[in-house]
Amino acid sequence: MREFRRMPVAFRVALIAALLCLAGGTAQAQSVTVRLARQFGISYLPLTIMEQKQLLEAHGKALGLDIKTEWLQFTSGTPMNEAMISGNLDFASGGVGPLLSIWGKTRGNLGVKAVAALNSMPLYLNTINPAVRSIKDFTEKDRIGLPAVRVSIQAITLQMAAEKAFGPGQGGKLDSLTVSLGHPDAMAQMMSGKSEITAHFGSAPFMYQELEDKRVHKVLDSYEVLGAPHTFNVVWATTRFHDQNRKVIEAFIGALDEAVKSIAADPAAAAALWVKAENSKLSAAAIEKMIRLPENEWTLLPKKVTAYADYMGRTGLIPAKPASWQEVFFEEVHKLPGS
């Protein structure tokens, strides 16, 4: 205190002003806790990078936010949607099927919409049954493991393929053969050869791992069903959260964009980070190989979302068909050349 009093008056005034400014800046930083969820597999790699590198926190700080994150992991989009509807989740992530389902159910209340796409990646339907060469060969002796019957993107893709194979109105022909299982469990049961699960409609890395076994072969590829690359995973939130947390949304999109660009810039580093974060038994080299496959792209750009929406609207899986992909996404990404 004596030293302070000995300082020149002008210096003391400047020092006090600086301290008050610093205190005021700290007090003005808005503190918010954000609850996010992802599923299993390398398709969620951007979210894993965001969590491990604390990118959302960093982008929030640049916007004057003090963001605390709580990360959860689910086996499918259905329980995520339940958590969001009950108010226990802010950002959910999953396939286009669950997104469109909750969009349709909440149009008149919560108004759930997508924040951005995560990737464009194919989905493989693999089997251990040598007699099954196409989906027409499945019988009552077969069971197909997938994340959630009738609503997961795998289930919707299977319905679209069934309609093409068996004719109009036959989209649900194979639904009775499907079983809700997380990808790790579905893969383990099929590969055991002792389970009722003889096929798995999966995603990366599981589908690639399965095909390394000579007993397994691919029956269906979602890119073939859609006729082109399509969005696999998206992130969604409620309209209320979006409207009340514009800066959080801005920070999230900025963090996601940085994560996506880091994957393209250094696939090896991204692979190593994912293996460590997931405590995976796969090598970083194996994951890097998957990341580098031309069919896999991590991007915020929505692709072929309307193709899924058209089918789900036409068959009554959602109450109404959106006029465009923008109707399902928040305005922050509307300028992207999506489909």
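Let's start with T238, which sits in the loop between β10 (233-237) and α11 (239-244). Those helices (H or I, at least four residues) and strands (E, at least two) are DSSP runs, numbered from the N terminus. Quick caveat: this is a predicted model, where local features need pLDDT of at least 70 and side-chain atom pairs count only at pLDDT 80 or more, while totals for chains, interfaces and linings use all residues. Residues are numbered from 1 along each chain as its sequence is written, and side-chain values use heavy atoms, with hydrogens and water left out.

So, is T238 buried or exposed? It counts as buried, because its relative accessibility is 10%; buried means under 20% relative accessible area, exposed over 50%, partly exposed in between, with a 1.4 Å probe and protein chains only. Leaving out residues up to four places away in sequence, T238 touches M84, L110, G111, V112 and F330, where contact means heavy atoms within 4.5 Å. The T238 side chain also reaches the backbone nitrogen of F241, at 3.1 Å.

Now the sheet that β10 belongs to. It's an open sheet of three strands in the order β3-β10-β4, with antiparallel pairing. β3 (92-95) and β4 (113-117) are the edges: each has a single partner strand, so one side of each is left without a neighbour in the sheet. Two strands pair if DSSP finds at least two bridges between them; β3 and β10 have four bridges, in the antiparallel sense. If you want one to look for, G94 stands opposite V234 in β10.

Next up, H217, in strand β9 (residues 217-221). H217 counts as buried because its relative accessibility is 14%. Beyond its neighbours within four places in sequence, H217 is in contact with several residues, including L125, N126, T127 and R133. A polar atom of the H217 side chain lies 2.6 Å from the backbone oxygen of V132. There's also a polar contact of 3.5 Å between the side chains of H217 and R133. A polar contact here is a pair of N or O atoms within 3.5 Å; within protein, one must be able to donate a hydrogen and the other to accept it, and residues adjacent in sequence count only if both atoms are side-chain atoms.

And β9 has its own sheet: open, five strands, in the order β7-β6-β8-β5-β9, with mixed pairing. Its edge strands are β7 (178-180) and β9, each pairing on one side only. Inside that sheet, β5 (residues 124-127) and β8 (residues 197-201) pair in the antiparallel sense over three bridges, and N126 has H200 in β8 as its bridge partner.

Zooming out, the protein has 15 helices and ten strands, and buried residues make up 50% of its 339 residues. Its C-alpha atoms fill a box of roughly 95 × 45 × 35 Å along the principal axes. Okay, that's me done!
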